[in-house]
Amino acid sequence: MKQFFPTIPQIRYEGPESDNPLAFRHYKADQVIMGKTMAEHLRFAVCYWHTFKGMGADMFGAPTIVREYMKSKNPMKQAENTLRAAFEFFTKLGVNFWCFHDRDIAPEGATLAETNERLDKIVALAEKLQNDTGVRLLWGTTNAFSHPRFMAGAATNPSPAVFAYAAAQVKKAMEITHQLGGQGYVFWGGREGYETLLNTDMKRELDHLARFLHMAVEYKKKLGFQGTLYIEPKPKEPTKHQYDSDAAACYAFLQHYGLVKEFKFNIEANHATLAGHTFHHELAYAIAHGMFGSVDANRGDLLLGWDTDQFPTDLYETTLAMYLILKAGGFTTGGLNFDAHVRRQSIDPEDLFYAHIGAMDAFARGLKNAARLLADGVFERAIAQRYAEWNSELGKQIETGAATFASLEAYTLEHGEPALASGRQELLENVLNQYI
Ligand code: XUL
Ligand code: CO
């Protein structure tokens, strides 16, 4: 079998002292932490779009990257080679999962029927490669934002014919995700938002989006697809305002339209920061509402206001994320999908491996730090102490609903000024750094 990454060996764990750039220093797939292996905890996935289809183009410049598997002029041959290269990559890196959009894996044909035939051919090969390698599908999704027909959105398009096209596309993408044993299906609102309210009927568009998601839920049940449906919040880009702007907005939307039981969230780190939140905040919000599902692991750039989709390297972030995820009981159907791409000057195949190795090591360290933080109950103790007074008679009365404004006025008149307590933020930050 032809290799597309012939210079890359199998990536192995060599420990923190290794100076081999093509080895893990911290990620040891079979190392057991809190009763599960690192591989089971972290459930790493490689994304198809950036990793195999991202060629370094940006708003100001042409693609900079040339990949061996893209050289065929025949689009279907190119798609097949890309898929083979992808499975070689997953296997050499040692990840157990992948994620894709329908249009990443097979090129569009002249009609929807031809496009679907092409997808079927590629999906048959993907099924074979999954069986040969044991690599599984974390989630599938639809690209209903790149083609010009979706310039004004998909489910929120002013044209019902575009809505219908998007529905047909999601139907097919759910079928192939199911066929490939996908553990989830993602809805990210590509262009589901607006550029200006001067031409937008917001209420109608939101109603249409909800109708679309209800149809997706119905079709999921009809198919017998057991995977999780995820909403992936993002506040802007490509549109000025995306309807699925953050976890709280998505929660309100799902609740309002009676969809909350059917979905979980796929939280992306860089989307959180674009929304003016931390990754930590979005995870905490999702977990607090029983909506946590999966993660698109990446990071932005402090100085740039767009979705730079860089590989995660910040141990502070990975530690806090894994701390919350572990504390919430870990992933079930979700995982850590690297929705990230190498910079446009990183043109060698090695760079793709370096990027993923570094990101996997960063999360492995995050996991180890988080397990120690949890075992020592560092924040649990501090938080329990900070809220301890809620266990008093007064606290209980408020929490159980026994207290009223009048009873609280009487309490305050009797007891006077409340005692103040330090929040100990700096101390806790120092302790956190001891674990990193
Ligand atoms: C876009 C983004 C998407 C989704 C899947 O910012 O994150 O790649 O993850 O459509
Ligand atoms: Co994403």
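Two residues are in contact here when their heavy atoms lie within 4.5 Å. Keep that cut-off in mind as you read the points below, and remember that the model is predicted.

1. **Helices α11 and α12.** Let us begin where the definition is needed. In α11, the residues L315, T318, T319, A321, M322, Y323, L326 and K327 meet A362, F363, R365, G366, L367, N369, A370, A371, L373 and L374 in α12. Sorted by class, the residues of this contact are twelve nonpolar, four polar and two charged. Helix α11 covers residues 315–327, and its axis comes within 7 Å of that of α12.

2. **How α11 and α12 cross.** The two axes cross at roughly 55 degrees. An angle counts as roughly parallel under 35 degrees and as roughly perpendicular from 65 to 115; α11 and α12 are therefore oblique to each other. As for the hand of the crossing, α11 passes α12 in a right-handed way.

3. **Another partner for α12.** Helix α12 runs over residues 349–375, and helix α3 (residues 75–93) also packs against α12, with the axes coming within 11 Å and crossing at roughly 40 degrees. Because of that angle, α3 is oblique to α12. On the α3 side, the contact is made by F89, K92 and L93, and on the α12 side by L352, F353, H356, I357 and M360. These residues divide into six nonpolar, one polar and one charged. The crossing of α3 with α12 is right-handed.

4. **Helices α5 and α6.** Helix α5 (residues 112–133) and helix α6 (residues 160–179) have axes 11 Å apart and pack at an angle of about 15 degrees. Angles under 35 degrees count as roughly parallel, and so α5 is roughly parallel to α6. Their crossing is right-handed.

5. **Who touches whom between α5 and α6.** From α5, the contact uses L112, N116, L119, D120, V123 and E127, while α6 brings Y165, A168, K172, I176 and Q179.

6. **Two domains.** The domain assignment of the chain gives domain 1 as 12–375 and domain 2 as 380–435. The C-alpha centres of domain 1 and domain 2 lie 40 Å apart. Their contact takes nine residues from domain 1 and five residues from domain 2.

7. **The area between the domains.** The size of an interface is often given as the accessible area lost when the parts come together. Between domain 1 and domain 2, the buried area is about 670 Å², and carbon and sulfur atoms give 56% of this. Which residues of domain 1 lose the most area to domain 2? They are Y316, R372 and L373, which together account for 64% of what the domain 1 side buries. Have another look at L373, which is also among the α12 residues that meet α11.

8. **A loop to check by eye.** Finally, visit the loop between β10 (228–232) and β11 (241–242), where P238 is found. E237 lies in this loop too. The peptide bond from E237 to P238 is cis, with omega near 10 degrees. E237 also has a positive phi of about 75 degrees, although E237 is not a glycine.

Note on methods:
Residues are numbered from 1 along each chain as its sequence is written. Chains are lettered from A and ligands numbered from 1 in the order in which they are written. This is a predicted model: local features need pLDDT of at least 70, side-chain atom pairs count only at pLDDT 80 or more; totals for chains, interfaces and linings use all residues. Side-chain values use heavy atoms; hydrogens and water are left out. Axes are lines fitted to C-alpha atoms, for helices over the stretch in contact, and angles run from 0 to 180 degrees between N-to-C directions. Helices (H or I, at least four residues) and strands (E, at least two) are DSSP runs, numbered from the N terminus. Angles under 35 degrees count as roughly parallel, over 145 as roughly antiparallel, 65 to 115 as roughly perpendicular and the rest as oblique. A crossing is left-handed if the near helix is turned anticlockwise from the far one by less than a right angle, and right-handed if clockwise. Ala, Val, Leu, Ile, Met, Phe, Trp, Tyr, Cys and Pro count as nonpolar, Asp, Glu, Lys and Arg as charged, and the others, Gly among them, as polar. Domain bounds come from an automatic or database domain assignment. Buried area is the accessible area (1.4 Å probe) that two parts lose on being put together, summed over both.
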